[in-house]
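The sequence and the model are shown first.

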Amino acid sequence: MSNEWLWILFAIINFSLLLMVYRIFGKPGLFVWIGMSTVVANIQVVKTIELFGLNATLGNIIYGTAFLATDILNEKYGKRDARKAVWMGFSTLISLTIMMQLAIQFTPGENDVAQPALESLFGIVPRIALGSLTAYIISQYFDVWLYARLKKVFSSDGTLWIRNNGSTMISQLLDSAIFCAIAFLGIYPFEVWLEIFLTTYIIKFIVAAIDTPFLYVAKKFKHPDN
């Protein structure tokens with residue numbers, strides 16, 4: 001199976017798992033998912049693949065599910081719960097970074113085989129770590145704010161796709177710009193930097209478009225906490 005078809009299948013599975021967690025556990029499931037997805041995205045991001053002729057990181061899909069989860073919270077429970085989820089995700093990401101940085105400082109045992117792999121996954125470059133954390137909190141907070149604003153203008157179920165795509169696609173543009181600026185600006189020639197930024201955003205834009213049908217399904221779920 002080609003990377004492109006596998007990537008589409010991977011996206012469907014990721015978003016379907018999010019819906020399953022929400023269906024079973026309701027609002028608490030969304031909070032748990034956001035914390036989990038931020039952790040998994042930062043593990044998957046170290047793997048690069050070729051996709052539609054572009055070099056891309058693998059973590060964009062699971063990272064996109066975090067935006068869908070906050071949109072579901074915003075749509076069904078309000079901006080306050082969505083903001084709470086953003087901070088939970090940020091706290092999880094900070095905690096992971098601190099714990100794993102300490103873990104890899106331990107001198108491995110004589111028969112240890114995990115240290116090189118752990119260093120590859122969790123050994124961080126300060127600029128990349130700063131870019132990731134800054135981009136996450138700003139773009140997610142902006143997504144929550146913009147979704148609430150769009151909901152006031154496009155409030156019907158028929159315009160759900162507008163507030164979902166509008167908030168997520170613009171927020172992902174902000175996320176990509178902040179991350180690439182902090183992590184890579186000045187390291188690469190501007191033309192190379194611009195290519196990294198554009199390819200990163202194109203992939204995130206496609207993920208944002210894919211998540212729309214899943215938000216419509218989630219909108220129909222009924223829970224006691226609705």
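The crossing of helix H2 and helix H4 is right-handed; a crossing has this hand if the near helix is turned clockwise from the far one by less than a right angle, and is left-handed if anticlockwise. Helices (H or I, at least four residues) and strands (E, at least two) are DSSP runs, numbered from the N terminus. The model is predicted: local features need pLDDT of at least 70, side-chain atom pairs count only at pLDDT 80 or more, and totals for chains, interfaces and linings use all residues. Residues are numbered from 1 along each chain as its sequence is written, and side-chain values use heavy atoms, with hydrogens and water left out.

Two helix pairs are set out below. Axes are lines fitted to C-alpha atoms, for helices over the stretch in contact, and angles run from 0 to 180 degrees between N-to-C directions.

| Pair | Axes | Angle |
|---|---|---|
| H2 (residues 27-44) and H4 (residues 79-103) | within 9 Å | roughly 35° |
| H1 and H9 | 10 Å apart | about 15° |

The angle makes H1 roughly parallel to H9, a term for angles under 35 degrees. H1 passes H9 in a right-handed crossing. Contact means heavy atoms within 4.5 Å. Ile 12, Phe 15, Ser 16, Leu 19 and Tyr 22 of H1 meet Phe 214, Val 217 and Ala 218 of H9. By class, this contact of H1 with H9 has 7 nonpolar, 1 polar and no charged residues. Ala, Val, Leu, Ile, Met, Phe, Trp, Tyr, Cys and Pro count as nonpolar, Asp, Glu, Lys and Arg as charged, and the others, Gly among them, as polar.

Between H2 and H4, the H2 side includes Phe 31, Ile 34 and Gly 35, and the H4 side includes Ala 85, Met 88 and Gly 89. That contact has 7 nonpolar, 5 polar and 3 charged residues.

Val 144 lies in helix H6 (residues 126-153). Its relative accessibility is 1%, so Val 144 counts as buried. Leaving out residues up to four places away in sequence, Val 144 touches Thr 70, Asn 74, Lys 79, Ala 82, Arg 83 and Val 86. Val 86 is 58 residues from Val 144 along the chain, and their C-alpha atoms are separated by 8.6 Å.

Technical notes
Angles under 35 degrees count as roughly parallel, over 145 as roughly antiparallel, 65 to 115 as roughly perpendicular and the rest as oblique. Buried means under 20% relative accessible area, exposed over 50%, partly exposed in between (1.4 Å probe, protein chains only).
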